[in-house]
Amino acid sequence: MNVIVCIKQVPDVDDIKWTKENNLDRANMLSKINPYDEYALNFAIKLKAKFKEANITVISMGPKQAEEILNYALAKGADRAILLSDKAFAGSDTLATSKILAASIKKYCPDFSIILMGQMAVDGDTQQVPLSLAQLLNIPELTNVSEIYNADKNQAIASVKFDSKINIYEIKTPCILALKQECEENYIPRIDDYIRAQKILIEEYHLDDIGLNKNEVGVIGSPTMVYRAFRPEIVKDTQEIKQDYAKKILDFLLKVDKK
Amino acid sequence: MKKILVFGEINLEDNKIEQVTFELISKAKKLVFEANNLKKDEQYFVEVVFVASYLVDDEIKKAYKAGADKVVLIKDSAFDVFYSTVYADAFLEYFEKNPAEVILFPATIKGRAIAPRVTVQLDTGLVADCTEAEFIVKNDKLYFAPTRPTFGSELMATILSKKVPYCATIRSGVFKAEFVYCDNGEFFEYTPISYHEDRIKLVRSIDDKEKNVVDFSNAKVVLCGGYGLYANKSDEYYKKLKKIAKITDSHFAVTRKVVDFNLAEAKYQIGQTGSTTEAKLYVAFGVSGAIQHIQGMKNSKTIVGVNIDENAEIFKYCDYKIVADAKKVIDDLLAYFDIKQ
């Protein structure tokens, strides 16, 4: 069974830095694997432990630097890593990104059973790529997945939190599962894992390889464009309480209308 | 006539229209007025489209009152079960015969699943989770210009689309539903060819209550403990705060870091990956104010922060700030109750 995990390198949102012009200072921000993608990767590793024949391919689109998270994924237990990197990909919105992923998967990993991915990325937070990819590959999907109970070549059984319900679905492969919950297992790779991972060569593919036209990717291929970006101003008129702290909090607690 | 289309959402349990749909209709109506003012030669109207097995008359009336000029029902009994593929394909079949300039989808679980399937097939853009929307005129052309938060709300971006239809998902609770228009309008029922989804099967549905979750959606008072309450390698102060919450009939909550360090259960977590609250009173004890946490509580009415660091990020969002050791304040609060009891 071939399992694909799509991963994205994101800036650490705990460490946001701004340039003087109020742009994100990406060059000086730490980068890491998108936490939701790590949940997906952990579930893939859990599936592999259960079904020895499972084979995990991690795919990431990004600059050369994204090799860091691919190496991390290999050290954690992935078997194969693909980097989709090309200057022409820069500025891709969710539609263009999904087209790049779909074309690459069709060409380099067509015999997959399941694609696991994070429900969202913490930097963009659109939640659109899993669905767009499912549509482009013409396969079914489950989103907001909290647990994967079983998976084989034919089907997966997974649960989804939906309003106040937990729904358990059987879904035929090939399919996409987008993870929202942490996996109870999270293996932190050790030095020897990284040494082992170094033996696996990261495959790198460019625009020409995947067979898309440059008008379909990047800024040109993206139907959406940022017209303006600004930092929201916080307009709180904060009053400082300088004494009788506990008493003041108690007053707030007593005064609040609980109806 | 040009059209702003609202994708209507129905609760499958009681077959009533979800509140977010009315919010989107009222916003669409305002956008129509805006567009009609900016370009007098192009007149817009609001159409709301439901993919459902049926709709009762009273609910349709409410849609008109919220601002819909036309209500469309794409009708089939297959829609009693939700599948993104089935809903998207039925909607597209209708849409291709009845196009619109703008489509607004609710940013709900269902809306978020349908919208990308629709826009990918139309090969157009989709702007996610918008919190504002307007029309702008550029080179004598009218553009729909939605704005969305990104980077955990640290940055707002207004995003245009090069292609039509202009599509966006809009969060619930952002715009106000206003039932101020007349209660009738055009109605159209559309019967699609039938669609099936035999690749997915719902095998079981369990009440989430078994999973022991805390419902913060109706919490009036939330007392939240951050990592600043951690002392002497013990969860003592989280327990103390929980006790105060119990005495005062409030909700006890914590931040992500507290859960990560196993000092409280995940069900109490407020923030991007936990629950969201719009409490009347939110008191943060020893909370630094990471943006993911702010996401989950910033819409609370009165926010009080207690932190020993006078430059703590949380204070930017507070109505009242207290620069003090939150642990000491908790002890003082407990002392009040001990006297009374």
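Colleague: Which domains does the assignment give for chain B?

Modeller: Domain bounds come from an automatic or database domain assignment. For chain B that assignment gives domain 1 (2-190) and domain 2 (211-340). Taken over C-alpha atoms, the centres of domain 1 of chain B and domain 2 of chain B are separated by 37 Å. This is a predicted model, in which local features need pLDDT of at least 70 and side-chain atom pairs count only at pLDDT 80 or more, while totals for chains, interfaces and linings use all residues. Residues are numbered from 1 along each chain as its sequence is written, and chains are lettered from A and ligands numbered from 1 in the order in which they are written.

Colleague: How many helices and strands does chain B have?

Modeller: Helices (H or I, at least four residues) and strands (E, at least two) are DSSP runs, numbered from the N terminus. Chain B has eight helices and 16 strands. Its C-alpha trace spans about 70 × 50 × 35 Å along the principal axes.

Colleague: What share of the residues of chain B count as buried?

Modeller: A residue is buried if 20 or more other C-beta atoms lie within 10 Å of its own, exposed if 12 or fewer, and partly exposed in between, with C-beta atoms placed from the backbone. In chain B, 48% of the 341 residues count as buried.

Colleague: Why does the end-to-end distance of helix α3 of chain B agree with its length?

Modeller: The expected span of a helix is 1.5 Å times one less than its number of residues. Helix α3 (residues 84-97) of chain B has 14 residues, so it should span 20 Å, and its end C-alpha atoms are 20 Å apart. Its buried residues include Ser84(B), Tyr87(B), Phe91(B) and Phe95(B). Two residues are in contact if their C-beta atoms, placed from the backbone, lie within 7 Å. The buried residues of α3(B) pack against elements of both chains, including α4 (129-137) of chain A and β2 (44-52) of chain B.

Colleague: What is the strand order in the open sheet of 10 strands?

Modeller: Two strands pair if DSSP finds at least two bridges between them. The order is β11(A)-β5(A)-β4(A)-β1(A)-β6(A)-β10(A)-β7(A)-β8(A)-β9(A)-β11(B), with mixed pairing. At the edges stand β11 (203-205) of chain A and β11 (200-207) of chain B, each with a single partner strand, so one side of each is left without a neighbour in the sheet. From one strand to the next the twist averages 30 degrees; axes are lines fitted to C-alpha atoms, for helices over the stretch in contact, and angles run from 0 to 180 degrees between N-to-C directions.

Colleague: How many bridges join β9 of chain A to β11(B)?

Modeller: Seven bridges join strand β9 (residues 165-172) of chain A to β11(B), and the two run antiparallel. Glu170(A) stands opposite Lys201(B) in this pairing. Elsewhere in the sheet, β7(A) and strand β8 (residues 155-162) of chain A pair in the antiparallel sense over five bridges, and the two form a hairpin with three residues between them.

Colleague: Which residues touch the most other members of the largest nonpolar core?

Modeller: A nonpolar core is a set of buried Ala, Val, Leu, Ile, Met, Phe, Trp, Tyr and Cys residues joined through C-beta atoms within 7 Å. Among the 137 residues of the largest one, they are Val5(A), Leu116(A), Leu177(A) and Leu104(B). A second, separate core of 44 residues includes Ile249(A) and Tyr237(B).

Colleague: How many residues does each chain bring to the contact?

Modeller: Chain A brings 59 residues and chain B 68 residues. On the side of chain A that touches chain B, β9(A) gives the largest share, eight residues.
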